[in-house]
Structures are given as C-alpha cells and as structure tokens.
Amino acid sequence: LHRLIRRQRQMCIRDRFMVFGFNDQSLGALIPTLVEEYNISEVRVSNVFLVQLAGYSFASLLNERIHFMFGMRGGMLVASTLCLVFFTILASKPSSFFLCALCIFPLGLAIGILDASGNVFIGNLLVHKNEIMGIMHAIYGAAAMLTPPLVTHFEKWGHWSWFFLIPLVLSLIGTIIIIPSFKYETDLKYDYTCNKDNVNDDENTDPNTKESFFQLFQNPAILLHALFLFTYLGAEITTGAWFFSYLLKTKLADKIKMSYIASSYWIGLTVGRLVLGFVTKRAFVNEYRAARTYCFLTVISYVLFTIIGTFNSHSTFYFVLLFFVVFSCGFFIGPLFPSASIVALQVLPARLHVSGIGIAVALGGCGGAALPYLSGVLIHLIGMNYFPLITTILVSFFTIIWLLYPRYIKDHPEFL
C-alpha cells in the first residue's frame, strides 16, 4: 500500500511539472501569435509576465497559511482547481487581450503553490532525491521543449488557443490523482511536523510561534535561496521566452523551422536534468559544489551563445552550431534548480521547509515573470540583437549569488 501511494504521489508530481513547463513556455511561444491576434505591441504583450509576477507574489504570502489550513493535499487541490478553471478560459480563445492576461494571475498563484509543495515533497525523500528531483525537473523541461512546435502547429491549424487543452487535461488528471495519493497530507499532519521540529530544535521555542514573512527573510538560507531562484528563473525563462522571437527577427522568418531550433534550449535543459542528476551524487562531494561547477559551465555556454549570435548566416552549418551551443546553455543551467532546492532543504529546519521554500519558489516565480518583462522592454529599446548579452548578464548574476552561500550560511560546512 505504501509503495502504491508513493508511486501515485510521484505520478502526480510528474503531472504537475508537465503543467509548469507548458504554462511557463507558452507565454514566450505565443508572443508573436498574440501580437498578430490582438493587434498589439510586444511590450504590451509582455504585461502578461507582470500579471504572472503578481500571482507568484500572492502565492508567497499564502503558501504557509494554506498548508496550515488545509494541509498539502488541500493546497494542491485548491491550486489544481484554479488551473482547471483558467486553462478552460484560455482554451476558449478569450475575446480580448485583457481577459487573456487576467487569466495569468490565478495560474501564477496556482503554480506558485504547486511548485513549493512539489519541491518540498521530493527534496525530503531519504533516498535517490537527486535522481528523482532531476527527473521531475526534466519533465518540466520536456514540456517546455515541446511547447514552441506545438503552439506553431496549433496556430497553423487556425486554433492557437487549443494548445491550452493540453495543460487542462493534465490538470484534470493531476486533480484526480491528488485525492487518494495525498489523503494523509492533512493540516493536522503539517502542524504536527512543524511543532515536532520546533521542539527538537529548541526546547524553549514556543511551538505556536510562527515567523512572519519578513522574519523568514532574515534567515540567510531563505534570503539567498530566494535571490538565487529570482535571478535563475529570470534567466531561464527569459531565454526560453524570447529565444523564438530572437530567431524570427534576427535569423530566419520561418516559424516552423525556427520553432524546432527554439526547442534546442529546452532539449538541453531536459537532458541536463536527467543526466547530471545522476552525476551530481557520484562525481561531487555535495550538491552545492556540483551546482557551483554547473554555474561556471553555464556562464561559458552563454558567452559562446553571445559570440555566435553576433554572426548571421542562413547556412545549415550555422543553425546546427547555434542549436548545439544553445543546447549546452540549457544542459548546464538545467540541474541548478533541483540542486539549489536540495541545498536549501539541507540547511533549513523542517519547520521552515514549506514556508521558506514556498517564499523562495514564489519569489523565483516573480523573477521568472519580472525579468522576462524587463528584458522585453530593454529589447524594445536597444534591439533584439542584444538578447544573448542580456541573458549572459543574468546567468552571471545568479552565479555570483551562488558563490555567496558559504560566506553567509553558517554551521552547515558538510553541505557547503
């Protein structure tokens, strides 16, 4: 019975990560389509990232409260219900861009809740958490990888909004699985786990005391994890969201061919999370040092992307070279999210797992919304040709933040 429940839970989390991938990349892949459909500018389309930012921000404030009120199962059901309602509206092709953008807020809220729950659940596994975390996040990459060509083909058929039927169906399946597989993840269990950890950490700690949002940010592990995810997801989603538009405007105006080139980044991210998730535990002392190496390799790959992006050619060799360089960008950036989540869970007490990781993931989602928007505004001002340089600067920022971990997080040398 325990084995069956465990399998059901992992199936449910896999389903959730597929929804994350389709949702996050759909915004970037649909930018050219939305510009034509609603006759608006790219800057105005970028407002969807700000709406998503608001949803993620709201999730950071509500995550712990929802878990205390309903438990992990209740929180996941609330979020899944939001996905069902608003993916249905998007699939019906909203009559105005305003309505389309409005749907992104509750979806950002839902994914902020589900993302925190999924990462805490997987990161707390006793065995094979690196491998399973890598596989789960690879599923996210696989869904994002499939999004550009799928969106392009739905648009070619004249029904671009039907793309949202895919995450809608997945959300329905996930909702059905959540009910039996997480039936023991109640509010009482969550409250017991937090209070038990309080007693173990400090006998003088009042188990009923809960840290406020700002008190949690005073914890260096939470603050650094939040800042890292903010810049990391900003860099990851900016690359995925604008790469397709970059190819169409600066390389070749063929949506079908360029959609496959655009998938190179997500193919690399998927393969990187699958492969390097198994390498991390076998080749490195701990997850932190593995991620430090991956950060440096990511910066090198993005620098190569910036250099190659300065050249223009319609030759097959050039596009093959571009494909593999962007593939390497995704390959090395891919395992950083799961590795960072594991490190955060290692250095935080259990009572802060949902609240701390929830805030960090939600703030990371804010970066995944705000930085693509700001990058879009910057691209509009200085030109699409500077897109590779912008992304290189972003990956350099999160690498610097990662290097600060041992300096500010004390008493955990075995993990750093």
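Student: Which residues lie nearest the centre of the largest cavity?

Tutor: Since this is a predicted model, we are reading computed features throughout. The largest cavity has a lining of 13 residues, and those that lie nearest its centre are Asp-24, Asp-115, Tyr-140, Leu-233 and Phe-337.

Student: Which elements give two or more residues to that lining?

Tutor: Four helices do so, namely helix 1 (2-29), helix 6 (104-123), helix 7 (129-156) and helix 11 (220-250). Helix 1 provides the largest share of the lining, with three residues.

Student: How many cavities of 30 Å³ or more are there, and how much space lies in the largest cavity?

Tutor: The count comes to three cavities of 30 Å³ or more, and the largest cavity holds about 110 Å³ of space.

Student: What classes of residue make up the lining of the largest cavity?

Tutor: When the lining of the largest cavity is sorted by class, eight of its residues are nonpolar, two are polar and three are charged.

Student: Now I would like to read the backbone. What is the phi of Asn-39, and where is Asn-39 placed?

Tutor: Asn-39 has a phi near 55°, which is a positive value in a residue other than glycine. Asn-39 sits in the loop that runs between helix 2 (31-38) and helix 3 (42-45).

Student: Is Asn-39 buried or exposed?

Tutor: The general idea is that a residue counts as exposed when its relative accessible area is over 50%. Asn-39 has a relative accessibility of 71%, and therefore it counts as exposed.

Student: Where is Lys-93 found, and what is its phi?

Tutor: Lys-93 is found in the loop between helix 4 (47-91) and helix 5 (97-102), and its phi, near 60°, is again a positive value in a residue other than glycine.

Student: Let us turn to a helix residue. In which helix does Ile-401 lie, and why does Ile-401 count as it does, buried or exposed?

Tutor: Ile-401 lies in helix 17, which spans residues 387-403. Buried means under 20% relative accessible area, and Ile-401 counts as buried because its relative accessibility is 14%.

Student: Which residues is Ile-401 in contact with, leaving aside its neighbours within four places in sequence?

Tutor: With those neighbours left aside, Ile-401 is in contact with Leu-224, Leu-227, Phe-228 and Thr-231. Taking one of these, Leu-227, we find that Ile-401 and Leu-227 are 174 residues apart in sequence, while their C-alpha atoms are 7.4 Å apart in space.

Note on methods:
Residues are numbered from 1 along each chain as its sequence is written. This is a predicted model: local features need pLDDT of at least 70, side-chain atom pairs count only at pLDDT 80 or more; totals for chains, interfaces and linings use all residues. Side-chain values use heavy atoms; hydrogens and water are left out. On a 1 Å grid over the protein atoms alone, a cavity is a set of points where a 1.4 Å probe fits but cannot get out, and a pocket is an open set with protein on both sides within 12 Å along at least five of seven lines; lining residues have an atom within 4 Å of a point. Grid points are joined across faces, edges and corners, and a volume is the space filled by probe spheres set on the points. Ala, Val, Leu, Ile, Met, Phe, Trp, Tyr, Cys and Pro count as nonpolar, Asp, Glu, Lys and Arg as charged, and the others, Gly among them, as polar. Buried means under 20% relative accessible area, exposed over 50%, partly exposed in between (1.4 Å probe, protein chains only). Contact means heavy atoms within 4.5 Å.
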